[in-house]
Amino acid sequence: MKLALLSSPLRYSDVTLLFLFREAESFKEQGNAYYAKKDYNEAYNYYTKAIDMCPNNASYYGNRAATLMMLGRFREALGDAQQSVRLDDSFVRGHLREGKCHLSLGNAMAACRSFQRALELDHKNAQAQQEFKNANAVMEYEKIAEVDFEKRDFRKVVFCMDRALEFAPACHRFKILKAECLAMLGRYPEAQFVASDILRMDSTNADALYVRGLCLYYEDCIEKAVQFFVQALRMAPDHEKACVACRNAKALKAKKEDGNKAFKEGNYKLAYELYTEALGIDPNNIKTNAKLYCNRGTVNSKLRQLEDAIEDCTNAVKLDDTYIKAYLRRAQCYMDTEQFEEAVRDYEKVYQTEKTKEHKQLLKNAQLELKKSKRKDYYKILGVDKNASEDEIKKAYRKRALMHHPDRHSGASAEVQKEEEKKFKEVGEAFTILSDPKKKTRYDSGQDLDEEGMNMGDFDANNIFKAFFGGPGGFSFEASGPGNFYFQFG
């Protein structure tokens, strides 16, 4: 029976109306039976039949509202609950269901009004009292979340929204705010899940489209992100956040590409400037900024500004501690600046993450250089380059041996004599190693020199000196003028 037929009761006799009412009651009872069995779809069908028979019965709308709530169709349920209290303002359960629907949809203030009306009708109603408290709690969570969002305390906003969603599970607004904050916290899969869930129900939801784009943007998938921002703006042209994010994404992409182009062309100064400008566009884009820092670090290494390069790479791994390329770049800079312990630490981190042959060899090389750095630097002792020729090594030894010979400092204090004697011995030791091709090769390769009879404690600096200068015995310095000395063997 259609609603239109029942809207003019004068057309029916009392007998007909009684028949329709009984039919409607029968449908209601069947609906109740299916509801009790949790078959809510069938219950919905029978309550609808009851309403078709008697469209002015408040309880039928109330029952169908309850069924729709169980099906999670809160917006439809709200319409039925509101109709039930329009038909009968004293219907307490109708007001309770209306309030529950408002609360589930996130309209806590409207929910409070409904629960207040239920309490006016039945001031001892325990459900109304509890739901009124729940609605007030949701309003409080909303206020706290609004303040914390402005403070950028996104963790607390997520906490507040989780609590609010316990009472308002169908509120898209709360879900979107939670998803946005999850994205700001770098919890992209969770944020994507929430946004996608909303889009399954409402593919035109501009806020959900914005959050999807935001996640992609922060994951450095900028082109895809722009597509979502554009789509969000089609649905809501005045969506301010989507507009700003879209503008930033396009600017960031352009600057980064320009910087890459300048780098490939060898214009390192321009590349540095472009990467720096890109870093100023959006400090919240952690992943892209980590790449920009690493890129700028590479530019600095090309410009031989190694400490600046190290700082840039450090900033990159602070933003993204899984960024292997930044660790490798910093490790190479540490190697170039002879900070071998730091280089070993970075290469260990890389090898633990990606156990490749290349990374293993890099780590091995750094460990070797670290080991070599902890030995005496014979090249430094003689004051020559590591690629010095045999003749240059001899000249260096001659100069340093004469400079530090104990006889030259016989008139100095005991402390100075002791220090110069130590240096004299080190010079002799350095010359012995670097003047012998076999020993020099072992030294350069980082092998232990104490092996194969090369005990470093067996060197006699005086004998080395005599053998080099060819003198048979004693040795003395004499002044030949201010600051000048000549030596002779006795």
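We'll look at a helix and then a lysine.

Tutor: First, this is a predicted model, where local features need pLDDT of at least 70, side-chain atom pairs count only at pLDDT 80 or more, and totals for chains, interfaces and linings use all residues. Residues are numbered from 1 along each chain as its sequence is written, and side-chain values use heavy atoms, with hydrogens and water left out.

Student: How many Å should helix α8 span, and how far apart are its end C-alpha atoms?

Tutor: Helices are DSSP runs (H or I, at least four residues), numbered from the N terminus. The expected span is 1.5 Å times one less than the number of residues. With 25 residues (126-150), α8 should therefore span 36 Å, and its end C-alpha atoms are 37 Å apart, which agrees.

Student: Which helices do the buried residues of α8 pack against?

Tutor: Buried means under 20% relative accessible area (1.4 Å probe, protein chains only). In α8 the buried set includes A128, V138 and D148. The partners are α6 (92-104), α7 (108-121), α9 (154-167) and α10 (172-184).

Student: Which side chain of opposite charge is nearest to K175?

Tutor: Lys and Arg count as positive, Asp and Glu as negative; His and the chain ends are not counted. A salt bridge needs a side-chain nitrogen of Lys or Arg within 4 Å of a carboxyl oxygen of Asp or Glu. K175, found in helix α10, is buried yet has no salt bridge: D197 is the nearest, 4.1 Å away. Leaving aside neighbours within four places in sequence, K175 is in contact (heavy atoms within 4.5 Å) with L165, P169, V194, D197 and I198.

Methods. Helices (H or I, at least four residues) and strands (E, at least two) are DSSP runs, numbered from the N terminus. Buried means under 20% relative accessible area, exposed over 50%, partly exposed in between (1.4 Å probe, protein chains only).
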